[in-house]
Every structure is written in structure tokens, then in C-alpha cells.
Amino acid sequence: MVTRISIIYLALLFSTILHASLSERCHPLDKEALLKIKRAFNYPYILVSWDPNTDCCDWTNVLCDNVYNRIISISFSYGDLAGPIPAEIGDLPYLQNILFHKYGNLIGSIPTSIEKLTMLRFLQITWTGISGPIPAGIGNIKSLEFIDFSYNKITGTIPSSIGWLPSLGGLRLDRNEIVGPIPDSFGEFQMSDFYLYMSHNKLSGPIPTSMAKKDFSYIDLSRNKLTGDPSPLFGENKRLLLIDLSRNSFSFDLTSVKFPRTLVSLDLNHNKMTGSLPAELTELKLNLFNVSYNRLCGKIPVGGNLQRFDYTAYFHNRCLCGSPLPPCSYSEI
Ligand SMILES: *[C@@H]1O[C@H](CO)[C@@H](O)[C@H](O)[C@H]1NC(C)=O
């Protein structure tokens with residue numbers, strides 16, 4: 001009797017286990033990597049659902065794809081994550097998306113193991129305490145379409161290899177402590193309508209002339225230590241919509257610069273620009289324009305939107321004059 005019950009019990013138990021393992025979508029290697037990540041993060045509360053006895057495709061903060069049932073996305077925003085990003089994130093070979101957003105206690109550097117992720121498309125680590133350099137091997141992740149490392153404590157220089165990423169359509173490195181030049185390879189981006197945000201760093205040196213051949217749609221390089229002539233970024237036939245070069249040390253003559261007709265936002269305040277404002281500026285549909293704190297001279301062209309901005313868009317120059325600043329001479333009144 002006892003034996004028969006045990007046999008039935010065992011059979012039941014066995015079939016449950018069998019059933020569980022057959023119906024579990026999660027790949028055992030992915031589960032193993034995720035559990036290591038959980039351990040490395042010291043079992044935070046937000047990962048309670050990461051229970052070894054359940055299907056990892058049902059866990060929070062991750063996604064499995066429907067074909068291979070492999071982990072394709074790991075994303076965290078808000079919650080209680082602290083410490084470094086575990087190197088085991090590189091052991092999820094099907095990952096397409098990594099997101100860590102708003103974790104002041106996430107520290108250490110970006111793990112170099114991400115270089116193994118040959119399917120990674122979106123890499124976003126933002127508003128964290130992550131420091132150290134951008135891994136040089138990031139250029140090996142050819143699948144990357146978008147990199148966002150804004151609002152961290154990243155140091156070091158920009159690896160040139162980023163410029164050769166064939167599918168990259170946008171790069172955000174703003175609000176870090178990145179030094180050194182913009183690599184020449186930034187003229188090699190393949191995707192058009194690229195957007196580039198690198199404001200609030202310590203970038204220095206000139207804009208590479210190679211960038212003249214690129215079509216960017218948004219560029220923000222404000223609050224760096226960039227020098228020289230940024231004209232490679234302009235050009236009549238480009239499709240640039242917004243450019244912010246304010247608070248750098250650009251020194252160039254603005255007089256004959258040709259601006260893209262598509263431009264709606266042009267901020268050049270706090271630089272060392274000389275010359276005068278080109279008349280073509282009146283042909284642009286600008287909704288933001290600021291050339292204050294430069295070394296410009298001459299009459300502000302009349303027309304377009306140029307008189308819609310108040311005097312602070314023009315003040316603190318060498319000898320700019322005319323509306324909205326005071327008239328150039330009494331004969332004009
Ligand atoms: C232009 O920039 C200066 C310096 O940042 C600022 O004080 C001023 O308010 C800005 N004016 C406009 C119209 O954007």
C-alpha cells in the first residue's frame with residue numbers, strides 16, 4: 001500500500017517536473033546568466049520575480065523573443081539597484097536592448113563584456129553613477145543603432161571606433177566628464193539624419209573637417225572647450241534642424257557662413273565669433289537664435305524672424321547694432 005502510494009506520488013511528481021521543464025520557454029543559459037546578475041546585484045527587491053523555479057521569460061525587467069525564446073531585452077528604470085553593472089550581462093548573447101535609467105547608486109565602469117553582444121541595438125545607461133571610460137571595443141558591436149550614455153560620470157576620451165558603427169543613428173554622451181577631441185571618424189557615420197548630443201563635457205580641439213560630408217539633424221555640443229571653425233557642420237544643402245554650439249571657444253568669422261535652409265534652432269552664444277551676421281539668416285524659419293557674448297559687429301539684418309528675438313539674443317558683442325539692439329547711428333532713427 002505504502003509503496004503503491006509512493007509510486008503514484010513519484011509518478012505525479014515526475015510528470016509535474018517533466019511538464020514544467022517542457023513548458024518552460026526560458027533558455028537554461030539565459031536563466032543562469034540572469035541569476036548571476038541577480039546575485040551580483042545582491043538580490044534586490046525589484047528582482048523578486050527572478051525565481052529559479054519559474055520561467056525566466058515570465059520575469060520582470062526582461063523580455064524573451066517568440067522564435068528562439070532567448071532574452072532579447074533587459075531594462076531597468078527606477079528601483080533599488082546598486083553597485084556595478086555585472087559582467088554577466090555579456091552572457092546574454094541574444095540581447096538587443098539594454099537600459100539602465102535613474103540609478104544614482106549604479107557605479108563602476110561600463111562592463112567590457114558587452115562587446116560580446118553581437119545583436120545589441122539599443123544601449124542606454126542614463127542618469128547613473130557609472131564612471132570610467134567608454135569601452136574601446138564598443139565599435140565591435142556592429143549592430144548598435146543607438147547609444148545613450150547621458151547624465152553619468154563617464155571619463156576618458158571618445159573611442160574612434162564609434163564612428164564606424166554602420167547602423168548607428170544617434171549618439172548621446174551629454175552630461176559626463178569626457179575629455180579630448182571629437183574623433184575624425186565622426187565624419188564616417190553611415191546613417192543620415194544622425195543626432196549627436198555631447199553637451200556638458202570637457203571636449204576640446206576643433207570640429208573634424210571630415211564632418212563636413214555628414215548630414216546631421218540635431219547637434220548639441222554646448223558647454224565644452226571646443227575651438228576653431230565649426231563651419232564643417234553647416235552648409236546650404238544640409239538637413240540640419242538644430243545646432244547648439246554655445247559656451248565653447250569657437251573662433252571664426254561668421255560673415256560668409258552658409259547655413260542649412262532647414263535650420264530652426266541656432267545657438268552660438270558665448271564663443272569668440274567675429275565678423276557680422278549674414279543677410280541669409282533672414283531667410284531661415286528660426287524659432288531659437290542666440291549669438292550673444294561673441295565679438296560680432298555691424299547691423300543686424302532686418303527681416304525673417306531676426307527681430308522677434310529680444311535684445312539678449314544679440315547683447316554682449318563688440319559692435320552689433322540695429323533692432324532689437326539700439327540703432328547703429330543717429331542718422332538711422
Ligand atoms: C541668449 O543667451 C544668453 C546667454 O546664455 C542668455 O542670457 C539670453 O537670455 C539668451 N537670449 C535668448 C533670446 O535666447
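These notes cover the protein chain as a whole and then the site of its ligand.

1. The model is predicted. Its protein chain has 333 residues, and its secondary structure consists of 2 helices and 21 strands.

2. The overall form can be read from two values. The C-alpha atoms fill a box of roughly 120 × 30 × 30 Å along the principal axes. The radius of gyration is 27 Å, whereas a compact globule of 333 residues would have one near 20 Å.

3. Of the 333 residues, 47% count as buried, that is, under 20% relative accessible area. The accessible surface of the chain comes to about 15900 Å², and carbon and sulfur atoms account for 56% of that surface.

4. Contacts between residues at least 6 apart in sequence were also examined. Of these, 44% join residues at least 24 apart.

5. Which residues surround the ligand? They are Arg 247, Asn 269, His 270, Asn 290, Ser 292, Tyr 293, Thr 312 and Ala 313. By class, this shell divides into 5 polar, 2 nonpolar and 1 charged.

6. In Arg 247, an N or O atom of the side chain is 3.1 Å from an oxygen atom of the ligand. For Ser 292, the corresponding distance from a side-chain N or O atom to a ligand oxygen atom is 3.3 Å. Thr 312 has a polar side-chain atom 2.8 Å from a nitrogen atom of the ligand. On its own the ligand has 360 Å² of accessible area, and the protein covers 64% of that area.

Notes. Residues are numbered from 1 along each chain as its sequence is written. This is a predicted model: local features need pLDDT of at least 70, side-chain atom pairs count only at pLDDT 80 or more; totals for chains, interfaces and linings use all residues. Side-chain values use heavy atoms; hydrogens and water are left out. A residue is near a molecule or strand if one of its heavy atoms lies within 4 Å of it. A polar contact is a pair of N or O atoms within 3.5 Å; within protein, one must be able to donate a hydrogen and the other to accept it, and residues adjacent in sequence count only if both atoms are side-chain atoms. Accessible areas come from the Shrake-Rupley method with a 1.4 Å probe; for residues, only the protein chains shown count as cover. Ala, Val, Leu, Ile, Met, Phe, Trp, Tyr, Cys and Pro count as nonpolar, Asp, Glu, Lys and Arg as charged, and the others, Gly among them, as polar. Helices (H or I, at least four residues) and strands (E, at least two) are DSSP runs, numbered from the N terminus. The radius of gyration is taken over C-alpha atoms; the globule rule is 2.2 Å times the number of residues to the power 0.38. Buried means under 20% relative accessible area, exposed over 50%, partly exposed in between (1.4 Å probe, protein chains only). Contact means heavy atoms within 4.5 Å.
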